[in-house]
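Student: I have just opened this entry and would like to go through its ligand sites. Could we take them one at a time?

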Amino acid sequence: MITCSAPGKVYLFGEHAVVYGQSAICCAIDLRTRVQATKHDSIVIESVLGTTALDFEIHPYVSSVIEKMKGHANIEGVRIQIRSELPVGSGLGSSAAVTVATLQALNQLYACNLQLEDIANIGHTIEREIQGNASPTDTYVSTMGGVVLIPERRKLKDLDCQLVIGNTRKSSSTKDLVSNVAQLRQEFPDIIDPILDNIGKMAHLAEEPVNRYDYETTGKLMNVNHGLLDAIGVGGAELSALVYAARNAGAISAKITGAGGGGCIVALANETSASAVASAIKNIGAEAILTRNTHEGVRLEP
Ligand SMILES: Nc1ncnc2c1ncn2[C@@H]1O[C@H](COP(=O)(O)OP(=O)(O)O)[C@@H](O)[C@H]1O
Ligand SMILES: C[C@@](O)(CCOP(=O)(O)O)CC(=O)O
Ligand SMILES: [Mg+2]
């Protein structure tokens, strides 16, 4: 039996734009998905979504992992048990975390000797096949941990501030939101492409401030990024209410994280303002989660 875990993630910059090759800054967070793999007489997948065999409706990511790993090992029967701290379909990279943790658990269980780069690449392929179009960001950051500039895959300094996540508790499908942006871009390329370009430019502009722990400058750019996500149609009244509640409560910055449409916002806060920001989020009926950037990507668990 092997247990592995992988972290979720938040985007400081670049969600959706990164799908079109623009840069993003994404950081792993200390909320993890744990996957236990045990050799078994059949294939069983147990999670909060249900208990199934290979099932590409209920467990598309985990089933795809098992299928892919059959190319690296003789997998006749395996029991996969999943426990996660990440809300599903909420922009925190739950799909990437479960994909990467399952890949690494099977890699270890069957001694396939896949390296971390292989895990990240296979994970990206799986997300792209399921989502229709996916950037390498979520699976790379869930594999490697830390704060990463994508597609350059350049590690930045770990964040030295508090992260406050506001969860609308309204899940959304990344596949649908990515498709909606593609349709808008197809209809208005001269309007949408410059927006995506500017999001990518902000990620590059923010690299230096992040590396010198200048979260005031980083935060100003994050707030602009939030406005541009609204502009490409992935915002919403609940997400904006959370963003303004967090900012008005003293957050350094607050923006949508992930696919949007529902899901979560992320706010940067310092030690003194974090609890006030969390209270403001709860006061409007949302879930507040205090977390931090984690340096640790996918790892073996005892
Ligand atoms: N704990 C889990 N157990 C099994 N599958 C999971 C789990 N968390 C996420 N998933 C898979 O990932 C999908 C959500 O992925 P996605 O729409 O990209 O949202 P997110 O923003 O959380 O990554 C779920 O529908 C499910 O297929
Ligand atoms: C919207 C996007 O940029 C991020 C999706 O993040 P999540 O699945 O909502 O956690 C899609 C991608 O990068 O593949
Ligand atoms: Mg996802």
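Predicted model: local features only at pLDDT ≥ 70, side-chain atom pairs only at ≥ 80, totals over all residues.

Student: Which elements give two or more residues to its shell?
Tutor: For ligand 1 they are α1 (60-69), β5 (78-84) and α2 (94-109). The largest share, three residues, comes from α2.

Student: How many residues surround ligand 1, and which are the closest?
Tutor: There are 18 around ligand 1, and G89, G91, S94, S95 and T174 are the closest. By type, the shell has seven nonpolar residues, 11 polar and no charged.

Student: What lies 2.9 Å from an oxygen atom of ligand 1?
Tutor: That is a backbone N or O atom of G89. A polar side-chain atom of S95 is 3.1 Å from an oxygen atom of ligand 1. The protein covers 88% of the 570 Å² of accessible area that ligand 1 has on its own.

Student: Now ligand 2. Which residues are the closest there?
Tutor: K9, H16, G93, S135 and T174 are the closest of the 17 residues surrounding ligand 2. Its shell includes three charged residues, besides seven nonpolar and seven polar.

Student: Which domains contribute to the shell around ligand 2?
Tutor: Domain 1 (2-155) and domain 2 (158-291) each supply at least three residues to the shell around ligand 2.

Technical notes:
Residues numbered from 1 in each chain as written. Chains lettered and ligands numbered in written order. Heavy atoms only, no water. Near = heavy atom within 4 Å. Nonpolar A, V, L, I, M, F, W, Y, C, P; charged D, E, K, R; others polar. Domains from an automatic or database assignment. Polar contact = N/O pair within 3.5 Å; in protein donor to acceptor, adjacent residues only side chain to side chain. Areas by Shrake-Rupley, 256 points an atom, 1.4 Å probe, with all protein chains shown as cover. Helix = DSSP H or I, 4+ residues; strand = E, 2+ residues; numbered from the N terminus.
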